[in-house]
Amino acid sequence: MKNHAATDERIMYQRRKIQSRGFAYLMLALWISAIVQQILKAPFMQYAVELFLLLAGGIYNIVANYRLGIDLWNAKERKPGGILLNAVITGGVGVTVHALISKNSDIAQLVLFFVFFVAFFFLAQALLAKMARKKQEAIIQKLEEDD
Amino acid sequence: MKNIKMKMARVERDMNQEDLAKAVGVTRQTISLIESGNYNPSLNLCVAICKALNRTLNDLFWEDTP
């Protein structure tokens, strides 16, 4: 007898939703685990796997959305000024959290960390926005050709 | 909103929910949810239901204007 549950669009949709939620919860659990271990001053090697998996999950999300042509970044509207502001705010929050967790009060080190973080974050975001814009342009061009 | 037309068409064809579910390759629960208006089927499933009940999309899924 054929299993209709395997082909039922509603069940497949619900299953995907469950898996998607599972992925999100797993990412959240990895993030909490890494943060808690940092607070407890565990050596980096102890929570390195969590961090790498978190990073891999994020990269997978970005690449999968990009390949399908989903504009996660609202690429057309994004301006370099907005990306820089985003990087500065994220860098500020990141450095503050780092200083609080590690109880690091070395200003020179924190400033260096902030500058490096902002530069890296800005370049990565600018690159992703540019790639997304190109992809969107290619999609629009293809749609116009088909039209 | 309940899909009374679909339920009536099914009954007229002397089919129960299980029969229709088998004919279109879904579970009985999905048919029940469509009829009770708690699930919006895809266009593909709408077409499959119409074929199984020998009706058009208009007959089953288009609301009559008052």
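**Exercise 1. Two helices of chain A that cross**

Decide whether the crossing of H3(A) and H4(A) is right-handed or left-handed, and then find the angle at which their axes cross.

Solution. The crossing of H3(A) and H4(A) is right-handed, and this, like everything that follows, is read from a predicted model. To place the two elements, take H3 as residues 80-102 of chain A and H4 as residues 107-146 of chain A; their axes come within 8 Å and cross at roughly 140°. Angles from 65 to 115 degrees count as roughly perpendicular and those over 145 as roughly antiparallel, and H3(A) and H4(A) are therefore oblique to each other.

The next step is to look at the residues that meet. From H3(A) they include Ala87(A), Gly91(A) and Val95(A), while H4(A) brings, among them, Phe113(A), Phe117(A) and Phe121(A). Sorted by class, the residues of this contact are 16 nonpolar and 6 polar, with no charged residue.

**Exercise 2. The span and the buried residues of H3(A)**

Find how far H3(A) reaches from its first C-alpha to its last, and name its buried residues.

Solution. H3(A) has 23 residues and spans 32 Å between its end C-alpha atoms, which is close to the 33 Å expected at 1.5 Å a residue. Its buried residues are Ala87(A), Gly91(A) and Val95(A), and these pack against H4 of chain A. As a general point, an α-helix has 3.6 residues a turn, so residues three or four places apart point the same way. Just after the end of H3(A), Lys103(A) takes a positive phi of about 55°.

**Exercise 3. H1(A), buried or in the open?**

Determine how many residues of H1(A) are buried, and state what covers them.

Solution. Begin with the element itself: H1(A) runs over residues 9-39, has 31 residues and reaches 45 Å from its first C-alpha to its last, close to the 45 Å expected at 1.5 Å a residue. A residue counts as buried if 20 or more other C-beta atoms lie within 10 Å of its own. Of the 31 residues of H1(A), 3 are buried, so the helix lies largely in the open. The buried residues are Arg10(A), Leu30(A) and Ala34(A), and what covers them includes H2 (44-67) of chain A together with H3 of chain B.

Now turn to the packing of H1(A) with H2(A), whose axes are 9 Å apart at an angle of about 145°. This crossing is left-handed. Leu30(A) and Ala34(A) are among the residues that H1(A) brings to the contact, and H2(A) contributes residues including Tyr47(A), Leu51(A) and Leu54(A).

**Exercise 4. Positive phi in two loops**

Say where Lys41(A) is placed, where Asp14(B) lies, and what value phi takes in Lys41(A) and in Asp14(B).

Solution. Most residues other than glycine have a negative phi. Lys41(A), however, has a phi near 60°, a positive value in a residue other than glycine, and its place is in the loop between H1 and H2 of chain A. In chain B, phi of Asp14(B) is also near 60°, and Asp14(B) lies in the loop between H1 (4-12) and H2 of that chain. For the surroundings, recall that a residue with 12 or fewer C-beta neighbours within 10 Å is exposed: Lys41(A) has 9 and therefore counts as exposed, and Asp14(B), with 7, is exposed as well.

**Exercise 5. Chain B and its contact with chain A**

Work out how many residues each chain gives to the contact, and which helices of chain B take part.

Solution. The contact takes 10 residues from chain B and 7 from chain A. On the chain B side, H2 (17-24) and H3 (28-35) each supply at least two residues, and by class that side has 5 nonpolar, 4 polar and 1 charged residues.

These two helices also cross each other, at roughly 110°, with axes that come within 8 Å, and they are therefore roughly perpendicular. H2(B) contributes Gln17(B), Glu18(B), Leu20(B) and Ala21(B) to this crossing, and H3(B) contributes Arg28(B), Thr30(B), Ile31(B) and Ser32(B). One of these, Ile31(B), counts as buried because it has 29 C-beta neighbours inside 10 Å. Not counting residues up to four places away in sequence, Ile31(B) touches Gln17(B), Leu20(B), Ala21(B) and Val26(B).

Key. Residues numbered from 1 in each chain as written. Chains lettered and ligands numbered in written order. Predicted model: local features only at pLDDT ≥ 70, side-chain atom pairs only at ≥ 80, totals over all residues. Contact = placed C-beta atoms within 7 Å. Helix = DSSP H or I, 4+ residues; strand = E, 2+ residues; numbered from the N terminus. Nonpolar A, V, L, I, M, F, W, Y, C, P; charged D, E, K, R; others polar. Axes fitted to C-alpha atoms, helices over the stretch in contact; angles between N-to-C directions. Parallel < 35°, antiparallel > 145°, perpendicular 65-115°, else oblique. Left-handed = near helix turned anticlockwise from the far one by under 90°. Expected span 1.5 Å × (residues − 1).
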